[in-house]
Amino acid sequence: MKARQCKHNSRNMKRSGDSEGEKRRKRRRLLQELGDQKIPFLGPSDRGFQQLWDSSYFGLVLRKSCSLPAELHSRVQAALLTLRKKGCLLKDLVRVRDRDVFTAVSRALLGEPGHTYRYLDTRLFAIPWHSEDAEVKGQNCCDPDLRDACKALWELNTFLCSDVSQLKEGDQFSQCMKAEGEAKLVEEGETESKHSDDSKNSEGGDSESRQSEEGDTESKHSEEWDIESKHSEEGCSGSKQEAGWETEEGESSQVKPSEGSFAGVSEHSEGKCPGWTTEAFSGTKPEPVGLEAQEKPVAQLKHSLSDYHIQDREEHAGGLGCSQTSPPQVCTGPVKFNVTLLNYMDPAQMSHLKEEPYYGMGKMAVGWHHDENLITHSPVAVYNYSCHDDKGECSEGSSVEKACWRIGLKVAWDIHTPGLMLPLESGDCYYMRDDLNNTHQHCVLAGETARFSSTHRVAECSKGTLTYIQSRCQEALSNLHTDPETGSHSLVTLQPTALQHCEEIHNEVEFEWLRQYWFQGQRYARFCSWWTRPMEQLEKDWKLMETMTMLFLATVEEEGQAEERRREMAETLLSALTDRHQQRQTWRDRCHSSLAQTLPPEEAPVDRPFWGVDDPGMPLPFDLADIISRVESLLWRM
């Protein structure tokens, strides 16, 4: 039965792969039809910006730095610098299209004790934010400086939870800047036409320069729109070799930097901080962008791409992660962010930053993506901190004006609605509320200074907490009886469904937790020992499950049973072991890949010795390939 089911699943996977390939080809054709045209986008100094925000990006909220407590800024920024100084921010080795790549940003996960966050086949294990005195709770797992830094980020998390929960319908940005920004836009409106002509002349050279820079990566764009939901997390490398998947939206058109564009395109250069002024965005001032201004082919393409948007949103809702619940959890009541993903990036240390290909927004530090594995309709809050160096000198204190960091937003799979570009000053926060993260995508556009971000999330972790996996271990081990006198083991029940359940848990413990931890999670043990003992206990439970597998095998090979029952057990065992064997080989390959070998010893993935056949803790030599061969031979004889 199980062998037949495996073949059936294999055929389904093949059909699914064919479907994905056809979808990619259709997307490519649509985007090739788009050709050289650029999609419009608006910044704060453009006419129609506020109207566009109100109508198409109303889930986005900007809180200016001046509206946050000064003491909170001080503590949070000092904490981020402490984490960087201690070396806690590390690049992740993530899995994309069956290959490993480094993220461009360095990062760490902080959050509720025992929580994890999974993205791109990588599980991050949270350093706990110490909301209470560690000695009182018996968790003196890191040094005082790191504990204080974690507590400061917990204080930021508490502030953001309260602030997001108190927002009223229609709130978009803090009042301390709203009137000032509107006044500047009105005041500068009279000079727009003059700046527009000058900008057009200067932009022509920029366009040619971008065309030259992107010429050798143009073919890579054909891969950019095919991974909308599966590979969505921010921060993957922007090198030329990896440009084809960095942006979450996958299979790109052959979009080239070109002077030809839609009516109403705004060709911006990189913004300058501070302030939303004409000088801050030295680009062409477009006329108001209305639907009637778009060319007819674009409207037709929008309709076609909208079908893919609906389909991909469904895929996104059930995508990768620490949980795949049905139905998905929905965020209700007060906001409670359970993790924050810290990111650090210094553009000066990047050899190549890719141009944003669809709108011409500038250099991207992080490509287009959704934040994945979140509770449905839960908000995301991001704190932005820009500084010149590890001493924490802020960009605002520079005598030379620097290009600031910005975020770009767009409606996913919609080339009709103009994009939105928002500059960020050091200390600014932005929130993505309601379903904005599902229906829209965002990218991060690089400034000229180093930048930290603290991205607070309500992670969907029903299958991603230590409490969860410990309970799963107890489920499996409840089928193992240990004789109190002899210490010998036996299985409580031989029901195939119960045995299958135990083997599924066995695989989950090994590949979703132990392998993930020793691949990268253990890197943080030198900073914080919170996970050390729990993972040691998981190893002990895993070894008992290995014992259960050997007992299962002995039962299958035992003569004198009803043949149909014996066949069903053998097929159940073969299915679990085949999956386990394939996954072990994948993890061995990852641990010994050329990229993994470039890491220093303290950060390198570990292929634990207890996975082999020579571990003295194992009751029997455990050669998985040999066991699979024995079970296959047994089934063949039946």
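Helix axes here are lines fitted to C-alpha atoms over the stretch in contact, and angles run from 0 to 180 degrees between N-to-C directions. The model is predicted.

**View 1. Helices α12 and α14 side by side.** The axes of α12 and helix α14 (residues 563-591) cross at roughly 5 degrees and come within 9 Å. Angles under 35 degrees count as roughly parallel, so α12 is roughly parallel to α14. From α12, the contact uses P496, L499, Q500, E503, H506, N507, E510, F511, R515, Q516 and F519. From α14, the partners are E568, M569, T572, A576, D579, R580, Q583, R584, W587, R590 and C591. By class, this contact has 8 nonpolar, 6 polar and 8 charged residues.

**View 2. Gln516 in helix α12.** Q516 sits in helix α12 (residues 496-519). Is Q516 buried or exposed? Its relative accessibility is 2%. Buried means under 20%, so Q516 counts as buried. The side chain of Q516 reaches the backbone nitrogen of R123 at 3.0 Å. Leaving out residues up to four places away in sequence, Q516 touches R118, D121, T122, R123, F125, F511, G521 and W587. Two of these names return from View 1: F511 belongs to the α12 side of the helix contact and W587 to the α14 side. Q516 itself is also listed in that contact.

**View 3. Helices α3 and α5 at an angle.** Helix α3 (residues 70-85) packs against helix α5 (residues 144-166) at an angle of about 135 degrees. Their axes lie 8 Å apart. How are the two helices oriented? Angles over 145 degrees count as roughly antiparallel and 65 to 115 as roughly perpendicular, with the remainder between them oblique; α3 and α5 are therefore oblique to each other. Their crossing is left-handed. On α3, the contact is made by L72, R75, V76, A79, L80, T82 and L83. On α5, the contact is made by D145, L146, D148, A149, A152, L153, E155, L156 and F159. These residues divide into 11 nonpolar, 1 polar and 4 charged.

**View 4. The whole chain, for orientation.** The protein chain holds 15 helices and 17 strands. It has 638 residues, and buried residues make up 56% of them.

Notes
Residues are numbered from 1 along each chain as its sequence is written. This is a predicted model: local features need pLDDT of at least 70, side-chain atom pairs count only at pLDDT 80 or more; totals for chains, interfaces and linings use all residues. Side-chain values use heavy atoms; hydrogens and water are left out. Helices (H or I, at least four residues) and strands (E, at least two) are DSSP runs, numbered from the N terminus. A crossing is left-handed if the near helix is turned anticlockwise from the far one by less than a right angle, and right-handed if clockwise. Contact means heavy atoms within 4.5 Å. Ala, Val, Leu, Ile, Met, Phe, Trp, Tyr, Cys and Pro count as nonpolar, Asp, Glu, Lys and Arg as charged, and the others, Gly among them, as polar. Buried means under 20% relative accessible area, exposed over 50%, partly exposed in between (1.4 Å probe, protein chains only). A polar contact is a pair of N or O atoms within 3.5 Å; within protein, one must be able to donate a hydrogen and the other to accept it, and residues adjacent in sequence count only if both atoms are side-chain atoms.
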